[in-house]
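Please read the following explanation with the sequence and the structure side by side.

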Amino acid sequence: MAYILDEDGKALVADVKNFCDKEVKEQCKAYDESGEWPKEIYDKAIELGYHMLEIPEEYGGLGLDKITVAAMYEEMGKADAGFATTFAASQLAIKPVLIAGNEEQKQKCCEIIVNGGFGAFGLTEPNAGSDPGAGKTTAVRDGDEYVLNGRKCFITNAPVADFFIITALTDKTKGLKGMSAFVIYKGTPGLSTTNHENKMGIRTSITSDVVLEDVRIPVSQRLGEEGTGFATAMKTLDVARTVVGCVAVAIAQRALDEGIAYTKTRTQFGRPVAKNQGLQFKMADMAIEIEAARQLVAHSFTLMEMGLPYGKESAIAKCYAGDIAVKCAVEGIQLFGGYGYSREYPVEKLLRDAKIFQIFEGSNEIQRVVIANNILGKF
């Protein structure tokens with residue numbers, strides 16, 4: 001397996017698996033049906049520190065190495081991809097602060113997470129998804145303040161977030177070089193959330209629009225210098241894409257695990273269907289592809305730990321793992337036959353959960369653009 005862990009890491013992964021088996025896996029079925037956000041499940045997870053895996057120890061977090069974090073996210077994702085996505089989205093929000101924030105900003109935002117709060121990262125807009133340069137949200141300097149106006153969409157954690165990272169144009173004439181990033185705290189006048197998304201999958205995460213109407217914040221809440229917001233967002237997404245790949249691997253692995261268990265007990269023509277070579281080859285191919293995806297995720301995280309460039313590798317990991325999650329979910333349904341199409345069994349949910357992993361944090365088409373730009377260079 002790609003995640004080589006020390007004894008402490010193995011113990012942490014065993015603990016999160018035990019928690020998810022007891023408190024998440026079955027309980028999330030009802031929330032998948034209702035679309036309700038399962039606060040009580042997150043509260044239990046927060047008591048165990050699963051909300052602050054990546055926050056450095058100096059800021060009160062666990063400061064775990066990235067391979068251990070990957071293995072823990074995979075266990076969360078196997079139980080429920082929306083559960084893993086919620087905590088990963090909070091870590092997504094803290095990353096730009098750690099990348100570009102000053103010491104005061106780092107201390108304050110990390111403290112919010114450590115104390116059980118949530119963060120949200122706001123880049124996408126109704127007319128600016130894969131093309132962030134088409135964003136309309138603005139931040140106009142007014143003395144020692146900025147006034148922000150605009151709308152962000154598809155923002156994970158928005159209704160429960162205690163702070164938001166928002167990108168906005170501070171100079172419309174400069175395009176992407178005129179984009180800046182800001183920290184905005186819950187309760188700021190003019191900041192609101194609306195349009196709760198009734199999603200196809202990952203329904204235990206909560207997603208909505210963020211509306212900014214004459215939101216006034218001090219200049220001290222800008223992350224880094226004016227005009228560096230796009231660069232900060234891209235550095236953030238480079239890290240986040242590998243995490244997305246990790247959760248995608250979890251969905252694929254769950255599909256295989258469910259298929260193995262079912263085909264060993266389902267009998268046709270007087271024997272378990274797992275004895276049919278056609279199904280064996282199907283499951284063998286799934287195992288090959290899952291481990292390849294996991295190795296790509298581990299490789300990207302290893303490069304991060306070593307301080308080496310990883311942008312291309314993160315895009316590869318996210319793209320391949322997202323595609324494999326969908327493919328393995330489809331194959332998982334096929335292993336169940338007609339029962340796989342029924343909500344009585346877990347595999348149809350895996351397909352609904354998997355599809356978004358080809359879309360968010362940059363669609364897989366955009367990942368291929370990133371990869372192509374890296375391998376071709378300028379010519």
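A salt bridge is a side-chain nitrogen of Lys or Arg within 4 Å of a carboxyl oxygen of Asp or Glu. With this definition, a search of the whole structure finds 27 salt bridges. The structure is a predicted model, in which local features need pLDDT of at least 70 and side-chain atom pairs count only at pLDDT 80 or more, while totals for chains, interfaces and linings use all residues. Residues are numbered from 1 along each chain as its sequence is written, and side-chain values use heavy atoms, with hydrogens and water left out.

Let us begin with individual salt bridges. Lys 349 is paired with Asp 80, and their closest N and O atoms are 2.8 Å apart. This pair links distant parts of the chain, for Lys 349 belongs to helix H10 (residues 347–354) and Asp 80 to the loop between helix H4 (66–79) and helix H5 (81–100), 269 residues apart. Helices (H or I, at least four residues) and strands (E, at least two) are DSSP runs, numbered from the N terminus. To describe how covered a residue is, three words are used: buried means under 20% relative accessible area, exposed over 50%, and partly exposed in between (1.4 Å probe, protein chains only). Lys 349 has a relative accessible area of 14% and is therefore buried. Asp 80 is also buried, because its value is 2%.

A second pair also joins distant parts of the chain. Lys 327, in helix H9 (residues 311–336), and Glu 289, in helix H8 (residues 277–306), are 38 residues apart. Their salt bridge has its closest N and O atoms 2.6 Å apart. Here Lys 327 is partly exposed at 40%, whereas Glu 289 is buried at 14%.

A further salt bridge is formed by the side chains of Lys 174 and Asp 171, with an N to O distance of 3.9 Å. Lys 174 is exposed, with a relative accessible area of 51%, and Asp 171 is partly exposed at 23%. Salt bridges may also be joined to one another: Asp 32, Glu 33, Arg 343, Glu 348 and Arg 352 are linked in a network.

We now turn to the interior. In soluble globular proteins, nonpolar side chains tend to be buried together. A nonpolar core is a set of buried Ala, Val, Leu, Ile, Met, Phe, Trp, Tyr and Cys residues joined through side-chain atoms within 4.5 Å. The largest such core holds 71 residues, and the members that touch the most others are Tyr 3, Tyr 73, Met 76, Phe 83, Phe 87 and Phe 357. Helix H7 (residues 229–265) supplies the largest share of this core, 12 residues. Another core, of 24 residues, lies apart from it and includes Cys 109, Phe 163, Leu 223 and Ala 240.

Which residues does Met 76 touch, not counting residues up to four places away in sequence? Its partners are Val 16, Cys 20, Tyr 50, Leu 53, Phe 83, Ala 84 and Phe 87. A contact means heavy atoms within 4.5 Å. Thr 68 is placed in helix H4 and is buried at 3% relative accessibility. With neighbours within four places in sequence left aside, Thr 68 is in contact with Leu 5, Gly 9, Leu 12 and Val 13.

How many disulfides does a search of the whole structure find? The number is 0, where a disulfide is a pair of cysteine sulfur atoms within 2.5 Å. For Cys 20, the closest cysteine sulfur is that of Cys 28, and the 8.6 Å between the two sulfurs is too far for a bond. Cys 20 is buried, with a relative accessible area of 1%. Cys 319 is likewise in no disulfide, and the nearest cysteine sulfur, in Cys 328, is 15 Å away. Cys 319 counts as buried at 5%.

Finally, consider the backbone. Most residues other than glycine have a negative phi, and most peptide bonds are trans. Asn 195, although not a glycine, has a positive phi of about 60 degrees. This residue lies in the loop between strand E6 (191–194) and strand E7 (207–218) and is partly exposed at 40%. Phe 269, also not a glycine, has a positive phi of about 55 degrees. The place of Phe 269 is the loop between strand E9 (267–268) and strand E10 (271–272), and with 86% relative accessibility Phe 269 is exposed.
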